[in-house]
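Hello,

Here is the structure I promised to hand over. Please have a look, then read my notes below.

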Amino acid sequence: QVQLVESGGGLVQAGDSLRLSCAGSGRTFSTYVMAWFRQVPGKEREFVAANTWGGRKTYYKYYADSVQGRFTISRANAGNAVDMQMERLKPEDTAVYYCAAGVRRPFEIPHSYDYWGQGIQVTVSS
């Protein structure tokens, strides 16, 4: 059974840091795009960051403008996991965060992904 399992969410104050982790199992994800999306009630799921395989163990990182410079995405566990370090959190970062894995492009849209985690809540208080 293929699974993506997120961990690390919670309640923090504005300006704090938080690290999200996503562990993949059931197949090899090392050549997949692995990404983070977020969603708040009543809105569409929003792209946050993606980590794409560039061959020869090289990965490229992409970010939404709203998190550029504050969030850092990285691969772990031989490419089968993806973490996201979130710094200087803002109340507008409050959302359910989802880990995703897929092979299609464009990687900024949810429909490009085949596998999703269950989602994890991040709440940033002002």
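Helices (H or I, at least four residues) and strands (E, at least two) are DSSP runs, numbered from the N terminus. This is a predicted model: local features need pLDDT of at least 70, side-chain atom pairs count only at pLDDT 80 or more, and totals for chains, interfaces and linings use all residues. Residues are numbered from 1 along each chain as its sequence is written, and side-chain values use heavy atoms, with hydrogens and water left out.

Start with β9 (95-102).

Now its neighbours. Two strands pair if DSSP finds at least two bridges between them.
- β4 (residues 33-39) runs antiparallel to β9, with seven bridges. Trp-36 is partnered there with Cys-99 of β9.
- β11 (residues 120-125) is also antiparallel to β9, through three bridges. Ala-95 pairs with Val-122 of β11.
- β10 is joined to β9 by two bridges, again antiparallel. Tyr-115 in β10 stands opposite Ala-101.

Next, the backbone. Most residues other than glycine have a negative phi, and most peptide bonds are trans.
- Ala-78 has a positive phi, near 55 degrees. This residue lies in the loop between β7 (71-76) and β8 (81-86). Ala-78 counts as exposed, because its relative accessibility is 68%.
- Arg-88 has a positive phi of about 45 degrees. Its place is the loop between β8 and β9. Arg-88 is partly exposed, at 47% relative accessible area.
- Arg-105 and Pro-106 are joined by a cis peptide bond, with omega about 0 degrees. Pro-106 sits in the loop between β9 and β10 (115-116).

Best wishes

Key
Buried < 20%, exposed > 50% of the residue type's maximum accessible area, 1.4 Å probe, protein only.
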